[in-house]
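Keep the viewer open as you read.

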Amino acid sequence: MRLLSSSKKLPGWRELPIGIMNVNPGSSVNYDVASWRTFRPVIDQSKCTKCSLCWVYCPDAAVEIKKVDGGEVFEINYKFCKGCGICESVCPIKAIKMVEEVA
Amino acid sequence: MAQAQVQVKRLPLAGYEAAAHAVKMADVDVIAAYPITPQTNIVEELATMVANGELDAEYVHVESEHSAISAVVGASLTGARVFTATSSQGLALMHEILFITATARAPVVMAVVNRALSGPINIWNDHSDAMAERDTGWIQLWALNAQEVFDTILQAYRIAEDNSVLLPVMVNLDGYILGHTVEAVELPDEKLVKDFVPSRPLQNRLSLKTCYTVGVMGNPDYYYEMKYQAIDALERSADVIKKVGEEFGEVFGRRYKPLDLYYVEDAEALLISMGSTAGTALAAVKRMRKRGEKVGLVRIWMYRPFPVKELRDVLKGVKAVGVVDRATCPGAIGGPVFADIATLFSNDREKPLLRDFIAGLGGRDIRIEDFEYMLNKTLEAAKTGIVDKICDYVGLRW
Amino acid sequence: MAQLFKNLKELPREEYLASGHRMCPGCMSALAVRLILKATKGNTIVVTPTGCLEVATTTYPDTAWRVPWVHIAFENAGSVASGVEAALKALNRKGKTDEKPHVIAIGGDGGTADIGFQALSGLLERWHDVVYICYDNEAYMNTGIQRSSVTPYGASTTTTPAGKKSIGKPTRKKDLVAVAVAHGIPYAATAIPSYPLDLVNKVVKAMEVEGPAFIHVLCPCPPGWRFPEKLAVEVGKLAVQTGLWPLYEVVNGEYKLTVPVPKRKPVEEYLKLQGRFKHLTQKEIAEIQRYADELAKKFGLGPVG
């Protein structure tokens, strides 16, 4: 919940959509969940076999598949990662390591 | 307007049949209702119409009234024109969803066949069921007779679906008295009705085109504004209700206004009543007028939003006003309508004396003689300037 | 015939549950919903009752949903979904729309097995073309880990806390699939996000049937079951491998195991990872083992080995 003391002015009643609706699908991407984590996953790309299990099992869709020359690479989007560690747990060849988040 | 080939039928119909005919003519898409006496006949009539192919609608046989209102809200948000009906305990069971229906701005039309709230359990008419829901944010209209039941339901769709309103409408009809009494009802030409209540435009609130999220969580930083939107809409709906009532008069010959006034011009004492009760009250007024007593009657058709301006205009200058309440507010001074009337002049120096008459609870008959008593007591207050009893339980066996 | 996914790489890349939602780290309900939506390819209207999912994905002004979504109240996902389905049917028939998304209700165990039980039954009996998916984290997690009728025997929750006079919840987990099957519906199944291919293919089959379908998805909950977040998928696998959560489907009343378990692990391997069971003595653990043995017999799972 945004603090009422926040300097950003919140919309007035005329500016909100009617009918208890949110008309911006997927607007949650603007919400900061990165600050939740105390550990962050690091993928050793040299070991990665692109099995895609980290991408399948991430509850937050924080593993992204990027197209590069010669194929695809799996990368962590640190904006969305909450640091749960599931990716490290499910990686079959231990290519992902959870390291302590630095300030 | 061409007079040729206008198909008007005049039929002996009970209130429930009139309601079903209106719903059929409005060409609703989804009906979801649960049986409860004395509403049952409406839903049975509609089921027959669907079964015969007279009405093309999905009929959802829900397993409770809570599910009935939930289903029609879901259907309404998907873009369907919907209808449901209930009474008493059924309406009470819907309670939590009624508030949501209003802030979700779902244009649901519901017929409430007014019946006393339990306990003790009672299937007869009073207004306690609808009165318990007067703060839900729904528009509330009160029918006088079977013709009004038909007319009001048609208007309800126009009002509810108006783009500046988009609020649910509760059409109240007194159980048994209105619901089951047969009267002459004029069913207008279907083409005229179709022009008056055209097909509802899809608003794509639940649609792949928009992918909206409906029914969000509103924390303290948003709840207030979201709630106020619906309050503002309810207040502004009064203009639309009046416009629709006027247009209805132009098209069908019967004009509807927030208030119906009888013998008010020189009245020293007035009674305020709602629903079919007003019919009997009028008989008492006429009797007393014949005797030279200066009494009158105000019937409220549009109860929510409360017709503040219209009531102030007619009550200003009247010496005493008696309010007929067919419901109670235990622990408060008088009944619910009395509470609303009492706020009208709260900041004025000059105001009418007020007397509340609770009557007709649980279907207890209110006779013409009872209304004469109420009018006489109100006249007495007007003449003496004293109100001996602010809340009078008429017809109670002491 | 429905086009089933042959392997996980065939899952659509689109994310219909956007990142930035406020479900807990490691939440298997969030994973389940993310996978379920991929199975729909976005061609759906989702109905959700009050609960973890609803609250954590739609706190205004943020919404994680990239499909049309509606929430009305706690106990009426079944009836709201019935209304949405009826509306689509009527509007299509009357030529007012041509949209035909799948109506999918996704409700928690509280909103499905308890307060929403009646509405669920009504939906199933009336034969609405709706898929009802229960994401089961085995308690009222959103309000702080209170027991529900599908909380398992022996689990410590805030309303069935373990204590000198209590072993946790004294009654068994209610069998929701049996209730659904009792309505004679064409498709019902159990699933778990730890077996994602099995889960998404069940969603595909459920969407395909004409009539109601019910899927009961077990979703391990790190804060509620008290285990480290990174073990969420592992805990789910153990639920299946101990026989406590057999993965099966019921097609027109016929039961079929979809994930065989040729050799079961002893239940202790599953229980010992979770703080909600740490108070159990050998007596209760034996009771839970007996329950697993019963399920193994019923569904044709292998012996403990």
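Strands β14(B) and β15(B) run parallel and are joined by 6 bridges. If you want one pair to look for in this predicted model, take Gly322(B), whose bridge partner in β15(B) is Arg355(B). On another pairing of β14(B), the partner is β11(B), again in the parallel sense, over 4 bridges. Here Leu270(B) has Val321(B) of β14(B) as its bridge partner.

How well covered is β14(B)? Of its 6 residues, 6 are buried. Ala320(B), Gly322(B) and Val324(B) point one way from the strand, while Val321(B), Val323(B) and Asp325(B) point the other way, and all are buried.

Strand β11 (residues 269-274) of chain B pairs in the parallel sense with strand β12 (residues 295-300) of chain B, over 6 bridges.

Next, look at helix α8 (residues 223-252) of chain B, where Ala238(B) lies. Why does Ala238(B) count as buried? Because it has 20 C-beta neighbours inside 10 Å, and 20 is the number from which a residue is called buried. Leaving aside residues up to four places away in sequence, Ala238(B) touches Pro305(B) and Pro307(B). For a sense of scale, Ala238(B) and Lys191(B) are 47 residues apart in sequence and 27 Å apart in space, C-alpha to C-alpha.

Elsewhere in chain B, helix α2 (residues 40-51) has 12 residues. From its first C-alpha to its last, α2(B) reaches 16 Å, close to the 16 Å expected at 1.5 Å a residue. Asn41(B), Ile42(B), Val43(B) and Leu46(B) are buried in this helix. An α-helix has 3.6 residues a turn, so residues three or four places apart point the same way. What covers the buried residues of α2(B)? The cover includes α1 (15-25), β2 (30-32), β4 (82-86) and β5 (109-114) of chain B. After α2(B) comes Gly53(B), with a positive phi near 80°.

It is time to cross from one chain to another. Between chains B and C, 39 residues of chain C are in contact with 42 residues of chain B. On the chain C side, β1 (44-47), β2 (69-70), α3 (77-93) and α5 (117-125) each supply at least two residues. The largest share, 12 residues, comes from α3(C). Sorted by class, this side of chain C has 21 nonpolar, 12 polar and 6 charged residues.

Val214(B) has Val70(C) in β2(C) as its bridge partner.

Chain C also meets chain A, with 31 residues of chain C in contact with 28 residues of chain A. The elements of chain C that give two or more residues to this side are α1 (28-40) and α9 (232-241). The side of chain C that touches chain A divides into 15 nonpolar, 7 polar and 9 charged residues.

One last stop concerns an annotation on chain C. An unreviewed UniProt entry gives residues 50-217 of chain C the annotation "domain: Thiamine pyrophosphate enzyme TPP-binding". In the model, that span is 35% helix and 18% strand, and its end C-alpha atoms lie 17 Å apart.

Methods
Residues numbered from 1 in each chain as written. Chains lettered and ligands numbered in written order. Predicted model: local features only at pLDDT ≥ 70, side-chain atom pairs only at ≥ 80, totals over all residues. Expected span 1.5 Å × (residues − 1). Buried ≥ 20, exposed ≤ 12 C-beta atoms within 10 Å, placed from the backbone. Contact = placed C-beta atoms within 7 Å. Nonpolar A, V, L, I, M, F, W, Y, C, P; charged D, E, K, R; others polar. Pairing = 2+ DSSP bridges. UniProt positions renumbered as here; feature names shortened; annotations may be inferred.
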